[in-house]
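Visitor: I am new to this structure and would like to learn how to read its features one at a time. Could you show me the model and then take me through it slowly?

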Amino acid sequence: MSSHTRPELGGAAGAGGPAAPLVLALDLGTGSVKAGLVGPDGDLAAQASRPYPVLAPRPGWSESDPREWWGGVVAASREVLAGVDPARVRAVGLSGQMHGVVLVDGQEQALGYAVLWSDTRSAANLDPFRAVDPERRRNPPVAGFAGPTLLWLRGHEPERYAAARRALQPKDWLRLHLTGEAAGDPSDASGTLLYDFAAGDWDGELAETLGLRPSLLPPLRPSGSVGGRLCPGPAAELGLPAGLSVAVGAADTAAALLGSGLRPGEAQLTVGTGAQVLVASAALPPARPALNVFRDAQTGFYTLAAVQNAGNVLEWVRRTLRLSWPEMYAAAQEVGHLPSPLFLPYLGGDRTPHLDPHARAGWLRLDASHDHRHLAHAAFEGVALSVAQATAALELPADLPLRLAGGGSVDPWWRQLLADALGCPLHISEASGASLLGAAALAWQAVGEPWEPERPDITGVVSPQPGRIPAGRHAEFRAAYGAARGGK
C-alpha cells in the first residue's frame, strides 16, 4: 500500500537548462515511512509511503524490526525515484519518531527489535529520574523515553545491553545504515531524559549516576550538518549514487516545525498517531509539570503537551468495530445528540496531563440503546476531550491563534469536533508533509544550498459551535478517568 504524488519531474530549470536539483527526504514514522523528492523552493515533487508492523508481544510493549524499516525505506524511495535521473539528487534528509531505542553492536547491526516511544515497560524505572532536579532534566519522567528504556534493558536484558556499542534513536539508526557513521542531534537527544540543556550535549554525569554507559550515546551534531556519506551498498538498493551527503536530521516534531514554518511564540496542534500541542520559543522555556521541553531543528526550543493516543486509538476502534474509515466517520455523524457513552482513549497509557503509563481505554455508561454509531462517536469525542485537556495544561493566551496541521485532521467534521472540544478557533495550516519538508530543509542546509519555501497559508478557520459539547462534559470526562483508576 502506498500514497503517491508526482507532479511533472522532467522539466528543465530554463529553456535548454539542466533539470532542477532535488533532495530525497525520509520520514521514519511509527507505523510507516514516507519518502519525498523536494526542490530548494520547498516544492514536494513526489512522495510515497510504506507501512510496517508495530509489534506488541506483551501488554504495554511496543516494538519494531529495523529490517522492516529498511524494507519500507527502499520501496518508498524507489517509487519516488522511478523515472528520475539519480544525478539530480543532491543529498538525503532525515526525520524520525522520537524517544525510541535501537541497540547496535560493534558491527553496526541492530541487536533485536527497537523499543518505541509508545512502550511502557520501563514504568518501574522512572524513580531515578524523578530524583533529578526538574530544571536539569526539563521533562517529566515518562516510560518510553530512551533513558528509562535503557535502564530497563540493562536490568532485564543484560546480555543485549552488554553487547551494545551504541544506543540510537530510530532516524539515527537509519543514518548509520545509510552511511556507517553513528551520530545524534539535539532535537532527538533532548527527548531522552539524558540531555544537558545548558551545555547542549549529553549529560554524561547523569548517565553514570544512573549506572548507564555514556559511551552508548552517539556524538551530537547540528541537525542541518552532514552526518555522513551514502555507502555503496545502501546507495545501490535505493538507486542513488554513492557518496551523497546525508544530513544528520531531526526528530519528527522538530522537523515538522521547520517544514511548517512555525515561528517563536506561535502555537500548533498536530494530529497523527498521537497528538501534539506545542508553542515554539527562541529561548529555553522553564520546566512545567506534565509538559515537555525539547530542542528544535535549529537553535530554538518548543514546549509540548503530548497526547499519546489519537490516530492510533481511532484506528483500533475502527478495526474493532469492523468499519472502513468512511463508515467510521459516517457512523459517528449519525449520532445527532447526546447522551452518548463516554470513551477513555488511553489505549497505551497517557502522557499530558496524567503521566500515567497504566491508564487504559474503554467505553463507559453503555446501555441497550447504544450501537456501533454511539461507540464510534464516543471514540472521536474522547480523543478530542483528551486533546483539550492536554492543551489546557499549556495555558495558552486566549488571543493566541492555534494552528491545526497533520494528516489525522483533514476531515471537516473531525476538525469541527476538535474546535468544539477545545473551545477556540482552529486556523487550518495546509502544511502537507511537514516532517518531510523539514527533513528536506536540513538536507539542503547540509549541502550549503539556501532553503526558500513559502510559509504555508492559513486556508480557513474552524470556530467552535456552542452546545456541540454539552456543559459539564469535560468534567465528566475527567471524573471518568479518576473512577477508572480507582480514584488515583
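Guide: Let us begin with how elements are named: helices (H or I, at least four residues) and strands (E, at least two) are DSSP runs, numbered from the N terminus. This is a predicted model, in which local features need pLDDT of at least 70 and side-chain atom pairs count only at pLDDT 80 or more, while totals for chains, interfaces and linings use all residues. Residues are numbered from 1 along each chain as its sequence is written, and side-chain values use heavy atoms, with hydrogens and water left out.

Visitor: Where is H99 found, and is it buried or exposed?

Guide: Buried means under 20% relative accessible area, exposed over 50%, and partly exposed in between, with a 1.4 Å probe and protein chains only. H99 is found in the loop between β5 (89-96) and β6 (102-104), and with a relative accessible area of 4% it is buried.

Visitor: What should I look for in the backbone angles?

Guide: Most residues other than glycine have a negative phi, and most peptide bonds are trans. Here H99, although not a glycine, has a positive phi of about 75 degrees. A290, which is not a glycine either, has a positive phi of about 70 degrees; this residue is found in the loop between β15 (275-281) and β16 (292-295), and it counts as buried at 12% relative accessibility. A cis peptide bond, with omega of about 5 degrees, joins T352 and P353, and P353 has its place in the loop between β18 (342-344) and β19.

Visitor: How many residues of helix α6 are buried?

Guide: Nine of the ten residues of α6 (residues 170-179) are buried, so this helix is largely enclosed by the rest of the structure. Among the buried residues are W173, R175 and L178. Just after α6, G180 takes a positive phi of about 80 degrees.

Visitor: What does the side chain of H370 reach?

Guide: A polar contact is a pair of N or O atoms within 3.5 Å; within protein, one must be able to donate a hydrogen and the other to accept it, and residues adjacent in sequence count only if both atoms are side-chain atoms. The side chain of H370 reaches the backbone nitrogen of D367 at 3.0 Å. H370 lies in the loop between β19 (362-364) and α13 (372-394), and at 16% relative accessibility H370 counts as buried.
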